[in-house]
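Welcome, and thanks for taking a look. Here is a short briefing to read alongside the structure.

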Amino acid sequence: MTKQFTHNDLISYIYQEMTEAKQELLMQALHSEESLMEEYLQMLSTIEQLEQVCLQPSVKVVKAIKAMAHSTGLQKV
Amino acid sequence: MSKRIGPKDSELIAQYRNGSDAAFDLLVDRHQSKIYTTIVLIVKDQKVAEDLLQDVFVKVVNTLHSDKYNEEGKFQPWVMRVAHNLAIDHFRKSKRYPVIVFEDGSNLFNSLRFAEETVEDRQIKEDTIAMVKRLIDELPEAQKEVLVMRHYLDLSFQEIAEQTGVSINTALGRMRYALIYLRKKMKQLNIAYDKTIYPQ
C-alpha cells in the first residue's frame with residue numbers, strides 16, 4: 001500500500017524535517033511514483049539554485065568587525 | 001547543508017573568551033557570508049546590510065564579554081536570530097521608503113567570492129546569481145519571509161510557524177508556492193540547469 005504524499009511532504013523531506021518512519025515511506029513512494037520523483041527532482045534543482053546566492057561583505061567591513069572584537073572599543077566604520 | 005571542518009563554534013567561543021582573537025576571526029570567517037546574505041535578502045541594500053552585519057557582531061561580542069551567552073553550543077541559530085531580528089527591525093522602520101539596489105547590481109555583486117574561473121564563467125555566474133536574487137525579491141512578502149527563514153536562517157518550519165503566527169502547513173505551503181514560482185521563472189529564463197552550475 002502506498003501512502004499519498006503531498007508537495008508539502010516533499011519539502012519536509014528535503015529539509016530533513018520528517019520522521020524516519022515517514023521518510024522511509026516517502027523514499028519508497030519516490031521509487032514507485034515517477035511523477036513524485038520528477039516533482040522532487042525539480043524542487044531539489046530549484047533549491048540548489050538558492051544555494052548559489054552567497055554574498056560576501058566587503059573586506060573593509062570584515063576587518064572592522066575583527067578589529068572591534070580584538071579591542072574593547074566597539075567602533076563601527 | 002555543507003560539511004564543516006575545524007573546531008566547533010563552541011570551542012572557538014571558549015577560546016575567544018580566553019583571549020584568542022584568532023578564534024573569533026575564524027568564527028567571523030565561518031559565518032559572515034551566511035549572515036550577510038540573509039540580511040541583504042531582507043533589507044535589499046548592501047550598505048545597510050554591512051552596517052547591520054557589524055551590529056550583529058557588536059551584539060555577539062558584547063554578549064560574549066558579558067557572560068550572558070548560554071546557547072548550549074548552538075551559536076549559529078542564535079547569531080542568525082540576532083541578524084534576522086535586526087534586519088526585520090530595519091526593514092519595518094524603512095518600509096515606507098524601500099531601497100532596492102539590485103538594478104545597480106555591479107556594486108552588490110562585486111564582492112562575490114569565486115574560485116579560479118574565466119572572466120566569461122564569472123560573468124555567467126554573476127548574472128545567474130543576480131537573476132535568482134531578483135526572483136527572490138519578486139516573491140510575495142509572506143513567501144519570501146518563509147523562504148529566507150528556512151533556507152538562509154536555517155529555522156525549522158515549526159519555528160517559522162511560531163514566529164509568523166501561522167500553522168506549519170501554511171508555512172510549508174508558502175515555501176512550496178515560493179519554489180513553484182522560482183522554478184517557473186527559472187525555466188522561462190532558462191537558468192535552472194545552467195552548465196556552469198551543473199557541470200557535466
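A charge counts as sitting over a ring if NZ of Lys or CZ of Arg is within 6 Å of the ring centre and within 35 degrees of the ring normal. By that test, the charged end of B:Arg150 sits over the ring of B:Phe157, 5.7 Å from its centre. Please keep in mind that this is a predicted model. The points below start with chain B as a whole, then turn to one helix and to the aromatic rings.

**Chain B overall**

- Chain B has nine helices and zero strands, so its elements, read from the N terminus, run α-α-α-α-α-α-α-α-α.
- Of the 200 residues in chain B, 47% are buried.
- Among contacts in chain B with a separation of 6 or more, 61% join residues 24 or more positions apart.
- The accessible surface of chain B is about 10,700 Å², and carbon and sulfur atoms account for 48% of that surface.

**Helix H7 of chain B**

- Helix H7 of chain B covers residues 141-152, twelve residues in total. From first C-alpha to last, H7(B) reaches 15 Å, close to the 16 Å expected at 1.5 Å a residue.
- H7(B) is mostly covered, with nine of its twelve residues buried.
- The buried residues of H7(B) are B:Gln143, B:Lys144, B:Val146, B:Leu147, B:Val148, B:Met149, B:Arg150, B:His151 and B:Tyr152.
- Within chain B, the packing partners of these buried residues are helix H2 (21-43), helix H4 (75-93), helix H6 (119-138), helix H8 (157-164) and helix H9 (168-189). They also pack against helix H3 (34-52) of chain A.
- After H7(B) comes B:Asp154, whose phi is positive, near 60°.

**Aromatic pairs and clusters**

- Over all chains, the structure holds five aromatic pairs.
- One of these pairs joins A:Tyr15 and B:Phe157 in an edge-to-face arrangement, with 6.0 Å centre to centre and 85° between the planes.
- That pair crosses between chains: A:Tyr15 lies in the loop between helix H1 (7-14) and helix H2 (20-32) of chain A, while B:Phe157 belongs to helix H8 of chain B.
- Both A:Tyr15 and B:Phe157 are buried.
- B:Tyr16, B:Phe24 and B:Phe57 form one aromatic cluster.

**Charges over rings**

- B:Phe157 takes part in the edge-to-face pair with A:Tyr15, and its ring also has the charged end of B:Arg150 over it. B:Arg150 is one of the buried residues of H7(B).
- Elsewhere, the charged end of B:Arg176 sits over the ring of B:Tyr177, 4.8 Å from its centre.

How values were computed. Residues numbered from 1 in each chain as written. Chains lettered and ligands numbered in written order. Predicted model: local features only at pLDDT ≥ 70, side-chain atom pairs only at ≥ 80, totals over all residues. Heavy atoms only, no water. Helix = DSSP H or I, 4+ residues; strand = E, 2+ residues; numbered from the N terminus. Expected span 1.5 Å × (residues − 1). Buried < 20%, exposed > 50% of the residue type's maximum accessible area, 1.4 Å probe, protein only. Contact = heavy atoms within 4.5 Å. Areas by Shrake-Rupley, 256 points an atom, 1.4 Å probe, with all protein chains shown as cover. Phe/Tyr/Trp six-rings, centres within 6.5 Å; stacked < 30°, edge-to-face > 60°.
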